[in-house]
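Please work through each task with the model in view before reading its solution.

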Amino acid sequence: MTRSEAEAGTGGVSAPDLLPVATPARTRAGVMELLRPQRRSAVIAFAVTVASTAVGLLVQPLLGRIVDLAADRASADAVTTTAALLVAVAVAQGVSAGLGLSLISRLGETTLARLRERFVERALGLPLEWVERAGAGDLTARVTADVSLIAEAVRNALPELARSLLTIVLTLGAMALLDWRFLLAALLAVPVQAATGRWYVARAVPLYAEQRTAAGAQQQQLLDSVAGSSTVRAFRLEREHAERVTERSRTVVALRMRGIQLVLGFYGRLHIAEYIGLAAVLFTGYWLVRQGSASIGTATAAALYFHSLFAPVNAALVLLDDAQSALAGLARLIGVTDQPPPPEPDRRVETGRVEVSVRELSHAYRPGHLVLHDIDLTIRPGERVALVGASGAGKTTLARLVAGIQPPTTGTVLVGGVPPTELGPAAARRTVALITQETHVFAGPLADDLRLAKPDATDDELRAALDRVDALAWAEALPDGLATVVGDGGHRLSGDRTQALALARLILADPPLVILDEATAEAGSAGARALEKAVARAVDGRTALIVAHRLSQAAIADRIVVMDCGHIVETGTHDELRASAGPYAALWQAWSHTRDTAP
């Protein structure tokens with residue numbers, strides 16, 4: 001990281017640079033698309049939940065019946081019979097409610113799994129320049145915080161919200177069956193509740209969306225500051241970065257406080273609606289009993305019905321708060337899943353050795369800021385070329401363009417006569433392999449990790465690949481040999497062993513073109529020498545482009561290309577460049593004074 005990157009590049013991502021967010025209409029449509037394959041399950045879950053709720057609504061009339069029996073001084077047997085019915089209703093409701101919640105939870109989890117799969121599929125296919133412009137923080141926040149928020153809503157809020165809404169609707173229907181005037185009295189609370197709901201939703205949806213965006217920007221700033229901590233300290237930029245983190249954190253806190261104030265105002269308005277409705281129902285019951293149109297038990301049942309609405313209404317509104325927050329996260333996920341999948345190119349490269357041709361190549365990550373300028377380079381079949389230069393010279397960018405990670409801004413890159421970005425996934429895997437210093441070890445048995453490069457590889461082929469990079473001895477010395485679980489939750493591999501594993505994968509994949517981007521940078525001196533020998537064996541017979549972290553790698557290359565500020569400034573063999581007394585000779589002299597350069 002350069003000083004300019006530390007001062008400006010890590011300042012976070014502005015909202016327009018973040019990944020797409022779906023509109024509310026598109027979010028609803030996306031949910032329906034996810035639920036469409038589960039229509040039958042949804043109908044069954046809904047039917048069971050309706051039946052459970054309907055059974056539960058028998059409680060209030062039975063309690064009203066007990067009131068009438070007491071008022072009429074009925075026998076104890078009549079009261080006992082009604083009480084037994086209450087017990088039966090409780091048991092039936094408990095069983096059906098458990099079944100309904102189970103079905104809704106299964107429906108939600110299945111839908112959530114499909115959403116996750118689609119999100120990962122689309123996220124992996126996003127144009128790399130989108131991800132780099134948005135920063136890792138935005139994508140990380142969607143994968144972690146947003147998915148967790150939606151998962152929590154699916155597991156807890158969705159079943160309870162569905163049950164609460166059904167209870168509200170069916171309870172109002174039951175009040176109408178008692179007497180339509182009870183329903184009218186209860187509906188006096190609806191205008192206040194509806195106005196409160198509209199007031200809340202109009203403010204909550206944009207507020208929660210703003211909260212998610214601010215959280216993504218905060219996470220991006222934290223990632224940038226931590227990842228570039230060494231550069232930040234080197235240029236004494238700790239205060240500036242701390243202020244940026246503080247500013248992003250204050251923004252998040254301010255938005256959280258706005259959300260709390262919004263919820264408090266929301267509930268204050270709802271309590272007014274509850275008092276209006278309950279007073280109206282009680283007055284209506286009093287009036288109907290005076291008129292002889294209803295019994296005391298019926299009026300009691302109506303009052304109990306309305307009082308029983310307090311819990312589901314409040315639950316629905318509490319969950320509505322969670323739902324609005326989850327909806328904002330869902331819109332961010334669907335914004336990614338809605339992106340069209342990348343086209344599947346079907347160009348292929350002839351088997352055998354390949355030539356790399358780079359012509360008039362220039363590249364910019366941001367318009368008007370070129371990092372490569374008019375690069376012309378040819379790598380002959382089987383030739384090993386090392387890229388050398390100071391940090392920021394453009395070596396990694398050139399390597400990425402040759403690997404086909406993204407297309408160049410201008411100019412052409414051809415691998416075997418075909419642009420690497422036009423190779424299909426299978427053809428790209430057969431043709432090009434890119435190994436960087438950030439090799440990932442996947443969780444699972446070591447043998448499975450190796451077979452990622454060649455799924456049908458035999459155990460003998462795995463051992464041969466490991467032996468070729470001098471990794472067989474330590475691999476077989478692991479607790480369970482090749483069956484040892486490595487990666488997260490398993491046996492931890494050191495940096496040089498991780499890179500040796502990557503080189504073994506390379507041998508198994510057997511591509512004709514290999515690109516190594518500082519693949520030995522994370523190893524110590526002794527480990528680096530061993531890895532350099534392993535690299536030499538792994539790339540033997542292949543066309544190779546090596547971004548050299550150590551000049552000892554460049555010294556054994558067939559040709560060295562020296563880069564500076566996005567330009568090729570020198571090219572030739574190690575001996576030729578040392579004799580020319582140019583930039584490479586100066587680099588070699590400075591490097592050889594501090595390191596043992598013996599072969």
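**Exercise 1.** How many bridges join strand β1 (residues 356–366) to β2, and in which direction do the two strands run?

*Solution.* The model is predicted: local features need pLDDT of at least 70, side-chain atom pairs count only at pLDDT 80 or more, and totals for chains, interfaces and linings use all residues. Residues are numbered from 1 along each chain as its sequence is written, and side-chain values use heavy atoms, with hydrogens and water left out.

Strands are DSSP runs of E with at least two residues, numbered from the N terminus; two of them pair if DSSP finds at least two bridges between them. β1 and β2 are joined by 7 bridges and run antiparallel. Within this pairing, H363 has L372 of β2 as its bridge partner.

**Exercise 2.** Determine the order of the open sheet that contains β1.

*Solution.* The order of its 3 strands is β2-β1-β4, with antiparallel pairing. Because β2 (369–379) and β4 (410–415) each have a single partner strand, they stand at the edges, and one side of each lacks a neighbour in the sheet.

**Exercise 3.** Is strand β10 (residues 559–564) largely enclosed or largely open?

*Solution.* Buried means under 20% relative accessible area (1.4 Å probe, protein chains only). Of the 6 residues in β10, 5 are buried, so the strand is largely enclosed by the rest of the structure. Strand β3 (residues 384–388) runs parallel to β10 and is joined to it by 4 bridges; here A386 stands opposite I560. Strand β11 (residues 567–572) runs antiparallel to β10, with 5 bridges, and M563 stands opposite I568. The hairpin of β10 and β11 has 2 residues between the strands, and C565 takes a positive phi near 55°.

Terms used:
Buried means under 20% relative accessible area, exposed over 50%, partly exposed in between (1.4 Å probe, protein chains only).
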